[in-house]
Amino acid sequence: MYTVRPVTAEELLGAAGRLGGLLADTVDGGASVGFLAPLDPVAAADWWRALAPEVGAGRLLLWVAYPEAGAGSDSDAGRRIAGTVQLRPASTANGRHRAEVAKLMVHRADRGHGLAGRLLAALEEAAVGRGIRTLVLDTETDSPAERLYAAAGWTRVGTVPDFATDPAGAPHATTVYFKALPVPAAVAGAAPEG
């Protein structure tokens, strides 16, 4: 029903308008993802465009989900974007084994089909492939996202009162989660350097 795949910086620039529409829908739907409502789709598209250098440099990994294409369609250009998620690997020398999950969004019209779980699974698989062993994220306390993270094996760390506001500007608590990822067998069996 959906195709989930990583996006390059060039593809991000081409999809910025559609991603802006997804972000505006997410914010207007009440999700706390760092923006206030109503969110102008043009400003949202500009926010996505500003991420292209980070994607190009590998400091940000980004996945998008598209509804399955019809027969004969082999291009994602112009297709509606149903969801997205980001992975921000740590940049410090002592943190290269960890990353932050950010901006997991599914368009309101596409919710209830397991798409958020598929996006999260794609991100986790890619993180393991990059040698990342620890993921962290935060989400609005008591939001539907908490059920997703619990079902996907994430561990609740704690809650910070009034950490962020919802799209209407009202302060809400934020819950922090982490997930320990499996170490690939090739890495686990390797002899330590030195």
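Q: Is Asp162 buried or exposed?
A: A residue is called buried under 20% relative accessible area, exposed over 50% and partly exposed in between, with a 1.4 Å probe and protein chains only. Asp162 has a relative accessible area of 57%, so Asp162 is exposed. This is a predicted model, in which local features need pLDDT of at least 70 and side-chain atom pairs count only at pLDDT 80 or more, while totals for chains, interfaces and linings use all residues. Residues are numbered from 1 along each chain as its sequence is written, and side-chain values use heavy atoms, with hydrogens and water left out.

Q: In which element does Asp162 lie, and what is its phi?
A: Most residues other than glycine have a negative phi. Asp162 has a positive phi of about 50° although it is not a glycine. Asp162 belongs to strand S6, residues 155-165. Here helices (H or I, at least four residues) and strands (E, at least two) are DSSP runs, numbered from the N terminus.

Q: Where does Asp142 lie?
A: Asp142 is found in the loop between strand S5 (134-140) and helix H5 (144-151). Asp142 is not a glycine, yet its phi is positive, at about 70°. With a relative accessible area of 68%, Asp142 is exposed.

Q: Which residues does a cis peptide bond join?
A: Most peptide bonds are trans. In this model, Ala37 and Pro38 are joined by a cis peptide bond, with omega about -5°. Pro38 is in the loop between H1 and H2.

Q: How many salt bridges does the structure hold?
A: Side chains of opposite charge can pair when their charged atoms come close. A salt bridge is a side-chain nitrogen of Lys or Arg within 4 Å of a carboxyl oxygen of Asp or Glu. The structure holds six of them. In one, the side chains of Arg49 and Asp46 meet at 2.8 Å, N to O. Arg49 and Asp46 are three residues apart in helix H2 (residues 41-49), so about one helical turn separates them. Arg49 is partly exposed at 37%, and Asp46 is partly exposed at 42%.

Q: Which parts does the pair of Arg88 and Glu54 tie together?
A: The side chains of Arg88 and Glu54 form a salt bridge (2.7 Å, N to O). Arg88 lies in strand S3 (residues 83-89) and Glu54 in helix H3 (residues 52-56), so the pair links parts that are 34 residues apart in sequence. Arg88 is partly exposed, with 25% relative accessibility, as is Glu54, with 22%.

Q: Are Glu124 and Lys179 buried or exposed?
A: Both are buried. Their side chains meet in a salt bridge of 2.8 Å, N to O. Glu124 is in helix H4 (residues 115-129) and Lys179 in strand S7 (residues 171-180), so this pair ties together parts that are 55 residues apart in sequence.

Q: How many helices and strands are there in the protein chain?
A: There are six helices and seven strands. Along the sequence, they follow the pattern β-α-α-α-β-β-β-α-β-α-β-β-α. The radius of gyration, taken over C-alpha atoms, is compared with a globule rule of 2.2 Å times the number of residues to the power 0.38. The radius of gyration of the chain is 17 Å, close to the 16 Å that the rule gives for 194 residues, so the chain is as compact as a globular protein of that length. Of the 194 residues, 38% count as buried.
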